[in-house]
Amino acid sequence: MKIDIKSFRVREETNVNLKKWPTRTKPLYKSKEHYAAALAKHVAQLSERQTLLYANNRYSLLLIFQAMDAAGKDGTIKHVMSGVNPQGCQVFSFKHPSALELDHDFLWRTTRCLPERGNIGIFNRSYYEEVLVARVHPEIIAAQKLPDVKPSAKFWRDRFTSINDTEKHLYRNGTRIIKFFLHLSKEEQRQRFLARIDNADKNWKFSQSDIAERAFWKEYMVAYEECLSATSSRRAPWYIVPADDKENARLIVSQIVVDTLDELKLSYPKPAPDHKKQLLAIRKLLEK
């Protein structure tokens with residue numbers, strides 16, 4: 001059964017209220033075996049389309065993942081991209097900016113990591129941190145040494161404009177962008193945090209900062225709502241993916257990626273007449 005991805009897409013100029021977007025939907029699989037088979041099918045389709053993307057060498061694909069802690073970004077990337085050729089795919093995680101990065105504009109560090117034509121780039125967190133974490137913790141803006149700037153409504157609108165303009169530029173130059181917000185409930189996050197504490201093998205995943213950020217849940221939801229409303233476009237859409245069920249989330253994300261690549265109508269490049277002649281000549285030599 002093909003997943004209808006339209007219901008997860010944030011329409012342009014939509015005022016997002018995350019309370020109206022579910023964190024859990026009806027399972028898209030009937031059993032663990034059914035889930036594994038469905039994901040394997042998506043992974044195989046993605047692998048085929050990545051080969052086409054690489055051979056066609058006209059477009060690149062940028063996948064952006066944003067979410068609250070424990071929403072499953074790492075696991076989604078790991079499982080959905082498991083069949084992708086590493087030669088044509090790179091993953092970047094963006095955490096606290098370095099001193100060098102703070103001395104540049106807020107888009108600089110991610111711009112350096114954009115995918116080449118024919119490649120897939122994955123941002124595990126991204127430049128959107130600059131309108132999410134930085135909004136919840138305005139002291140981050142103070143560390144950026146901006147001239148005569150104080151965080152205000154206009155300041156954040158200007159940042160949204162900078163992001164939208166950048167994504168329009170990338171689209172015009174062949175980069176297709178898909179943005180995923182893995183929508184996790186606060187209760188599910190609590191359960192996952194407890195699991196990380198109770199399982200010794202997962203203790204490394206948990207830190208004091210995780211629980212500290214949980215205290216700002218409401219502030220993050222407001223920041224996400226304004227971000228999703230201001231930056232989802234036809235060229236670079238946001239998808240709000242229910243993330244309380246990890247398996248469901250992976251199936252939804254993988255279907256969206258496959259469908260987006262299908263929209264490009266990729267094909268293998270046809271050899272030029274001279275190249276075709278060369279190939280035929282070489283073939284004759286090899287037949288001897």
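Me: What volume does the largest pocket have, and what makes a space a pocket?
Reply: The largest pocket has a volume of about 1,200 Å³. A pocket is an open set of points, on a 1 Å grid over the protein atoms alone, where a 1.4 Å probe fits, with protein on both sides within 12 Å along at least five of seven lines; its volume is the space filled by probe spheres set on the points. The model is predicted: local features need pLDDT of at least 70 and side-chain atom pairs 80 or more, while totals for chains, interfaces and linings use all residues. Residues are numbered from 1 along each chain, and side-chain values use heavy atoms, without hydrogens and water.

Me: Which lining residues are closest to the centre of the largest pocket?
Reply: Of the 37 lining residues, these are Asp 69, Lys 73, Lys 95, Arg 125 and Asp 210; a lining residue has an atom within 4 Å of a point.

Me: Why is the pair of Tyr 128 and Trp 238 called edge-to-face?
Reply: Rings pair if their centres lie within 6.5 Å, and planes over 60 degrees apart count as edge-to-face. The centres of these two rings are 4.9 Å apart and the planes stand at 70°, so the pair is edge-to-face. It links distant parts of the chain, with Tyr 128 in the loop between strand E3 and H5, Trp 238 in strand E5, and 110 residues separating them. Both residues are buried, that is, under 20% relative accessible area with a 1.4 Å probe.

Me: How do you know that the charged end of Arg 112 sits over the ring of Trp 108?
Reply: The criterion asks for CZ of Arg within 6 Å of the ring centre and within 35 degrees of the ring normal. The charged end of Arg 112 sits over that ring, 4.0 Å from its centre.

Technical notes:
Rings of Phe, Tyr and Trp (its six-membered ring) pair if their centres lie within 6.5 Å; planes under 30 degrees apart count as stacked, over 60 as edge-to-face and the rest as tilted. Helices (H or I, at least four residues) and strands (E, at least two) are DSSP runs, numbered from the N terminus. Buried means under 20% relative accessible area, exposed over 50%, partly exposed in between (1.4 Å probe, protein chains only).
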